[in-house]
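Here are some notes to read with the model open beside you.

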Amino acid sequence: MTLHHSLPHPPPKLFPSTDTLLRILCSQRPFYPTHVAAFRRIVLRFYRAAARDLPWRRSHSPYHVLVSEIMLQQTHVNRVIHFFPRFIAAFPDFHTLARAPLHRILRLWNGLGYNRRALALKHIAQIVLSHYHGNLPSSPSLLARLPGIGHATASSIAAFAFNLPTLFLETNIRSVFIHYFFPLHKKVHDCQLLPLLKLTLDRKHPRRWYNALMDLGATIKNHYPNPSRRSLSYRTQSPFHGSPRQLRAAILRTLLTSPASLASLAKACNTSPHSLYPILHSLQLDGLVSFSRGRFFIP
DNA sequence: ATCCGGCCGA
DNA sequence: TCGGCAGGAT
């Protein structure tokens with residue numbers, strides 16, 4: 001079965017019809033399980049035909065799942081694929097990561113983006129060792145207390161590492177539910193999606209279910225205008241070129257090579273020390289950069 | 001409401 | 001050339 005043939009029909013041809021699904025799922029009609037089952041068949045049939053073989057799916061180790069989930073925040077799967085195996089090879093467990101110097105971690109992170117995630121990951125490893133006996137907690141509420149982990153990441157870790165039936169939305173899952181249940185709506189709130197997510201969740205196999213939803217959502221976006229555009233939570237981000245964060249990234253890349261003075265940093269980044277200073281300050285506040293004896297460096 | 005990275009497919 | 005990405009923190 002080709003990918004094309006395994007792809008579900010567009011909204012007007014849905015089975016059961018979108019209106020029927022929505023009405024039934026939102027009501028308390030006694031026969032809604034039939035329609036829940038129909039939707040699950042659509043998703044799982046697609047998954048059986050076109051499941052992605054991703055490196056982080058070959059292990060359910062909480063550490064592996066944690067690293068992958070942090071890397072995947074606002075980052076395409078196709079990019080993470082190249083970083084995840086190298087990172088795991090260099091830092092195979094919480095102990096190794098916790099005691100690794102930040103500059104070594106950032107060196108492997110270079111090119112992945114959002115460098116604060118790497119720092120958060122190291123902090124998480126230290127907390128897991130000092131407060132959880134080296135074992136990542138499984139409850140989403142505890143996970144969400146860790147730095148760099150919000151509700152979505154906490155719930156997905158619980159689902160993928162511990163196979164717990166958590167509820168969470170991210171862009172691929174949003175796309176699936178908006179595509180099927182709100183094909184004509186313009187501004188869909190997450191509150192409208194959560195009841196449907198809860199009703200259709202496969203509580204016996206949450207891990208497989210969420211993998212299936214994400215694969216289907218990613219594929220839908222390749223064949224239709226991005227349904228998540230019609231989500232209220234959808235935001236376009238500020239341009240990167242010429243922005244402070246571009247300079248910020250340039251500073252970190254420079255310091256990755258060696259410590260540098262303010263003057264040499266400005267020269268390397270092709271800008272003035274004056275414009276560099278507030279950015280260096282923010283980097284220090286984040287803990288990504290330190291200063292000692294006239295030179296900036298990555299700890 | 002803003003900031004935080006960097007790349008790649010269309 | 002540009003949109004958008006398995007979001008989080010302030």
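Is N270 buried or exposed? N270 is exposed, at a relative accessible area of 72%, where exposed means over 50%, buried under 20% and partly exposed in between, with a 1.4 Å probe and protein chains only.

1. Some ground rules. This is a predicted model, in which local features need pLDDT of at least 70, side-chain atom pairs count only at pLDDT 80 or more, and totals for chains, interfaces and linings use all residues. Residues are numbered from 1 along each chain as its sequence is written, chains are lettered from A and ligands numbered from 1 in the order in which they are written, and side-chain values use heavy atoms, with hydrogens and water left out.

2. The overall picture. Chain A has 16 helices and two strands; these are DSSP runs numbered from the N terminus, with helices being H or I of at least four residues and strands E of at least two. Of its 299 residues, 46% are buried. Take the contacts in chain A with a separation of 6 or more: 66% of them are between residues 24 or more positions apart. Contact here means heavy atoms within 4.5 Å.

3. Helix α8, residues 116-131.

4. α4 against α8. Helix α4 (residues 62-71) packs on α8 at about 155°, with the axes 10 Å apart. Axes are lines fitted to C-alpha atoms, for helices over the stretch in contact, and angles run from 0 to 180 degrees between N-to-C directions. So α4 is roughly antiparallel to α8; that label is for angles over 145, while under 35 is roughly parallel, 65 to 115 roughly perpendicular and the rest oblique. On the α4 side look for L66, V67, I70 and M71, which meet R117, L121 and I124 in α8. By class, that contact has six nonpolar residues, no polar ones and one charged. Nonpolar covers Ala, Val, Leu, Ile, Met, Phe, Trp, Tyr, Cys and Pro, charged covers Asp, Glu, Lys and Arg, and polar covers the others, Gly among them.

5. α5 against α7. The axes of α5 and α7 come within 10 Å and cross at roughly 155°, so this pair is roughly antiparallel. The crossing of α5 and α7 is right-handed. F83, R86, F87 and A90 in α5 meet R104, I105, L108 and W109 in α7. That contact has six nonpolar residues, no polar ones and two charged.

6. F94 is in α6 and is buried, at 8% relative accessible area. Apart from neighbours within four places in sequence, F94 touches Y63, L66, A125, V128, L129, G134 and L136. F94 and L129 are 35 residues apart in sequence, with 7.3 Å between their C-alpha atoms.

7. Positive phi values. N270, in the loop between α15 and α16, has a phi of about 60° although it is not a glycine. Y114, also not a glycine, has a phi of about 50°; Y114 sits in the loop between α7 and α8 and is partly exposed at 41%. Just after α8, H133 has a positive phi of about 55°.

Definitions and conventions
Left-handed = near helix turned anticlockwise from the far one by under 90°.
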